[in-house]
Amino acid sequence: MHKLTDTQKALLDFLKSYARENRMPPTRMEICKHFGWASPHAAQTMLKRLETAKAIRFIPKVSRGLVIL
């Protein structure tokens, strides 16, 4: 995994805790609500950055399809 920014670390920590509590990852809207972001696009952009950093992996064509590495 590549070095993460503070925001990326906070998002990764949120993904882990949410998945642990709910047995599934959060939706983009749930991520936005948690962080106070206005647009699901902001969440998607941050998730793509985590994927680039090899912290998560998307599963295509699956609802809530991401794996935390």
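**A walk through the helices and loops**

What you are looking at is a predicted model, in which local features need pLDDT of at least 70 and side-chain atom pairs count only at pLDDT 80 or more, while totals for chains, interfaces and linings use all residues. Residues are numbered from 1 along each chain as its sequence is written, and side-chain values use heavy atoms, with hydrogens and water left out.

M46 belongs to helix α3. Helices (H or I, at least four residues) and strands (E, at least two) are DSSP runs, numbered from the N terminus. Is M46 buried or exposed? It counts as buried, at 10% relative accessibility. The cut-offs are these: buried means under 20% relative accessible area, exposed over 50%, and partly exposed in between, using a 1.4 Å probe and protein chains only.

Q8 sits in helix α1, residues 6-22, and is buried with a relative accessible area of 9%. Not counting residues up to four places away in sequence, Q8 touches K3, M46, R49 and L50.

Now follow α1 itself. At 1.5 Å a residue, its 17 residues should span 24 Å, and its end C-alpha atoms are 24 Å apart, which agrees; the expected span is 1.5 Å times one less than the number of residues. The buried residues of α1 are Q8, L11, L12, F14, L15 and Y18. Seen down the axis of α1, they fall within an arc of 160 degrees, so they line one face of the helix. That arc is taken from the directions from the helix axis to the C-beta atoms. An α-helix has 3.6 residues a turn, so residues three or four places apart point the same way. What covers the buried residues of α1 includes α2, α3, β1 (56-58) and β2 (66-68). The face turned away from the buried side carries the exposed residues D6, R20 and E21.

Next, look at how α2 (residues 28-35) meets α3 (residues 40-52): they pack at an angle of about 100 degrees, with their axes 8 Å apart. Axes are lines fitted to C-alpha atoms, for helices over the stretch in contact, and angles run from 0 to 180 degrees between N-to-C directions. That makes α2 roughly perpendicular to α3, since angles of 65 to 115 degrees count as roughly perpendicular, under 35 as roughly parallel, over 145 as roughly antiparallel and the rest as oblique. R28, M29, I31 and C32 of α2 make the contact with P40, A43, Q44 and L47 of α3.

Finally, visit the loops. Most residues other than glycine have a negative phi. K54, in the loop between α3 and β1, has a positive phi near 65 degrees, and it counts as exposed at 52% relative accessibility. K61 lies in the loop between β1 and β2; its phi is positive too, about 60 degrees, although K61 is not a glycine. K61 is exposed, with a relative accessible area of 88%.

Conventions: Contact means heavy atoms within 4.5 Å.
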